[in-house]
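Hello,

Here is the structure I promised to hand over. Have a look at it first, and then read on for what I found.

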Amino acid sequence: MPSSISKSAAKITALVVDDDRTNRIMHQMLLKKLGIDNQVVVNGKEAVDAHSSGQSFDLILMDMDMPVMNGIEATRKLRSMGIRSVIAGVSSHSVEGEVGEFIEAGLDDYQQKPLTTAKLLSILHKLAKQATSLSFC
């Protein structure tokens with residue numbers, strides 16, 4: 001693991017947003033393996049509610065298709081609330097139009113399922129770059 005990520009990983013918090021129990025467990029395990037504290041919710045509304053109640057996360061792993069509020073709606077809502085967390089869409093969809101709409105909603109990254117350590121590290125590099133650029137603002 002690159003030292004820039006391993007040194008800061010203990011300080012990173014993540015929110016896993018996915019209605020599929022197996023995916024939630026897999027994503028939690030990958031994050032935990034990298035030393036990242038994380039919480040889970042099962043739909044976009046719960047992600048929005050968590051932020052509305054004052055919780056904040058450095059990283060949000062957002063599924064696209066979920067009941068109650070999907071990932072596209074939730075991402076738009078979080079961005080309209082001023083949430084600046086890195087939001088990475090993680091979905092099994094590969095239809096270009098759907099993925100494009102998800103990205104346009106405000107994603108910082110998109111990865112196709114299954115999420116792997118390599119894909120997660122790619123997302124974390126974007127998080128590290130964003131943190132560096134924000135510290136110079």
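Let me begin with helix α3: the buried residues of this helix are covered by elements that include β1, β2, β3 and α4. Contact here means heavy atoms within 4.5 Å, and buried means under 20% relative accessible area, with exposed over 50% and partly exposed in between (1.4 Å probe, protein chains only). Helices (H or I, at least four residues) and strands (E, at least two) are DSSP runs, numbered from the N terminus.

Before going further, please note that this is a predicted model, in which local features need pLDDT of at least 70 and side-chain atom pairs count only at pLDDT 80 or more, while totals for chains, interfaces and linings use all residues. Residues are numbered from 1 along each chain as its sequence is written, and side-chain values use heavy atoms, leaving out hydrogens and water.

Back to α3. Its buried residues are G44, A47, V48, A50 and H51. They line one face of the helix, because they fall within an arc of 155° when seen down the axis of α3 (the arc is that of the directions from the helix axis to the C-beta atoms). After the helix comes G54, with a positive phi near 105°.

The start of α3 is worth a look too. N43 sits in the loop between β2 and α3 (44-52), and a side-chain oxygen of N43 comes to within 3.0 Å of the backbone nitrogen of K45. N43 is buried, with a relative accessible area of 7%. Leaving aside residues up to four places away in sequence, N43 touches V17, M66, P67, V68 and M69.

Next, the strands. β1 (residues 13-17) and β2 (residues 37-41) pair in the parallel sense over five bridges; strands pair if DSSP finds at least two bridges between them. V16 has V40 in β2 as its bridge partner. Together with helix α2 (residues 21-33), β1 and β2 make a right-handed β-α-β unit: with the strands pointing away from the viewer, the path from the first strand over the helix to the second runs clockwise.

Best wishes

Definitions and conventions. A polar contact is a pair of N or O atoms within 3.5 Å; within protein, one must be able to donate a hydrogen and the other to accept it, and residues adjacent in sequence count only if both atoms are side-chain atoms.
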